[in-house]
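Here is a short briefing to read alongside the model. Have the sequence and the 3D view open, and let's walk through them together.

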Amino acid sequence: MTTGTDKIYQMVTDQIIASLEADVVPWHKPWAATGSPQNAITKRDYTGINRILLQASKFVDPRWLSYKQAAAKGGNVRKGEKSTIITFWKRAVKHDKQSCPGRKACEAMSQGANCKRFSMLRYYRVFNVEQCDGLNLEPLIIGETPDPIAIHEAAQTVLDEYINREDGLALEHGCNGGCGDPGGAHYIPSLDIIHLPKRDTFTTMEAYYSTAFHEAGHSTGTADRCHRKDWTGEYTMHSGGRSREELVAEFTSAFVSEATGLDNTLEADQHAAYVKSWLRHLKANPKWAVEAAGYAQKAADRIRGI
């Protein structure tokens, strides 16, 4: 049976699929001086799947708001402009008629022994400020282009601090045996080691750090870190549910790359096969995008020490 939540999963996935079919990977973007997607009124950054959905837009301005928020700021959304959906989880309670002391008391004190508490996925629609007229907002401030060296230093600091902060976790370059493909990048759960090829084998430093954060994302799935549901420590693009973990790692890398200012766009020769693969997986698994983005936000926060 299709539920309201299932429809929202599908709406989100359809939006990501539309981007992929247009040859745009919504979680891969160059760094921008204008910043991460944020609410124009509260100034709070959007997280998880909402960050990915809003980053996929054509707009330069990172600020978004609802129709009501636009009106409250003295403006209006221009006629014909198309909204973008963002999601949120709403807590709900199914009250047991026999044991519940009353809805208000139960929700305030969690007193209903047999009441069932759950979360429902919901959505609402937002517009970019570039789609509006008459908004009483401060002008967008575009900063200077970040220094690539400073970006690389920031990325290295995040990586070093994560490795040093996590008991038992190690990072090794190259391989002298016992770590699978000596030329590949992977996380080895049994040894708690992130293995990467030597730095000089990467075409760019951006590619190196994007790969490092991807494998670091895998390493957060353990029980003593983010304790990810159905985490197996095995990752391939061809093995059903484990492909979702690859998407978690992809999103994690994107979130950490964005935070440090890295350009995480793919090499051109990898792009077509990459897009085709994720189109196939997401069409078959509409829940994956929302689930993976939620896991990835927690993983990225763990890596960044938040």
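## Overview

Of the 306 residues in the protein, 44% are buried, where buried means under 20% relative accessible area, exposed over 50% and partly exposed in between, with a 1.4 Å probe and protein chains only. This is a predicted model, in which local features need pLDDT of at least 70 and side-chain atom pairs count only at pLDDT 80 or more, while totals for chains, interfaces and linings use all residues. Residues are numbered from 1 along each chain as its sequence is written, and side-chain values use heavy atoms, with hydrogens and water left out.

**The protein as a whole**

- The protein has nine helices and nine strands; these are DSSP runs numbered from the N terminus, with helices (H or I) of at least four residues and strands (E) of at least two.
- Taking contacts between residues at least 6 apart in sequence, 73% join residues at least 24 apart; a contact means heavy atoms within 4.5 Å.

**Where H1 meets H9**

- The axes of helix H1 (residues 4-21) and helix H9 (residues 288-304) come within 8 Å and cross at roughly 85 degrees; axes are lines fitted to C-alpha atoms, for helices over the stretch in contact, and angles run from 0 to 180 degrees between N-to-C directions.
- H1 and H9 are therefore roughly perpendicular to each other, a label for angles of 65 to 115 degrees.
- On the H1 side, the contact is made by Tyr9, Val12, Thr13 and Ile16, and on the H9 side by Ala289, Val290 and Glu291.
- These contact residues divide into five nonpolar, one polar and one charged; Ala, Val, Leu, Ile, Met, Phe, Trp, Tyr, Cys and Pro count as nonpolar, Asp, Glu, Lys and Arg as charged, and the others, Gly among them, as polar.

**The four-stranded sheet**

- Four strands form an open sheet of mixed pairing, in the order S1-S2-S5-S4; two strands pair if DSSP finds at least two bridges between them.
- Its edge strands are S1 (38-39) and S4 (84-94), each pairing on one side only.
- S2 (residues 63-65) and S5 (residues 116-128) pair in the antiparallel sense over two bridges, and tryptophan 64 has asparagine 128 of S5 as its bridge partner.
- H1 lies across S4 and S5 and runs at about 35 degrees to S5, while H2 lies across S2, S4 and S5 and runs at about 160 degrees to S4.

**The three-stranded sheet**

- Another open sheet of mixed pairing has three strands, in the order S7-S9-S8.
- S7 (170-173) and S8 (186-188) are its edge strands, each pairing on one side only.
- Neighbouring strands of this sheet are turned by 25 degrees against each other on average, direction ignored.
- S8 and S9 (residues 193-196) pair in the antiparallel sense over three bridges, with isoleucine 194 of S9 as the bridge partner of tyrosine 187.
- Helix H6 (residues 205-219) packs on this sheet, touching S7, S8 and S9, and its direction makes about 155 degrees with that of S9.

**Two residues to look up**

- Asparagine 50 is found in helix H2 (residues 48-55) and is buried, with a relative accessible area of 9%.
- Leaving out residues up to four places away in sequence, asparagine 50 touches Ile86 and Thr87.
- Aspartate 23 is found in the loop between H1 and S1 and is partly exposed, with a relative accessible area of 47%.
- The C-alpha atoms of aspartate 23 and valine 275 are separated by 7.2 Å, although the two are 252 residues apart along the chain.

Key: Parallel < 35°, antiparallel > 145°, perpendicular 65-115°, else oblique.
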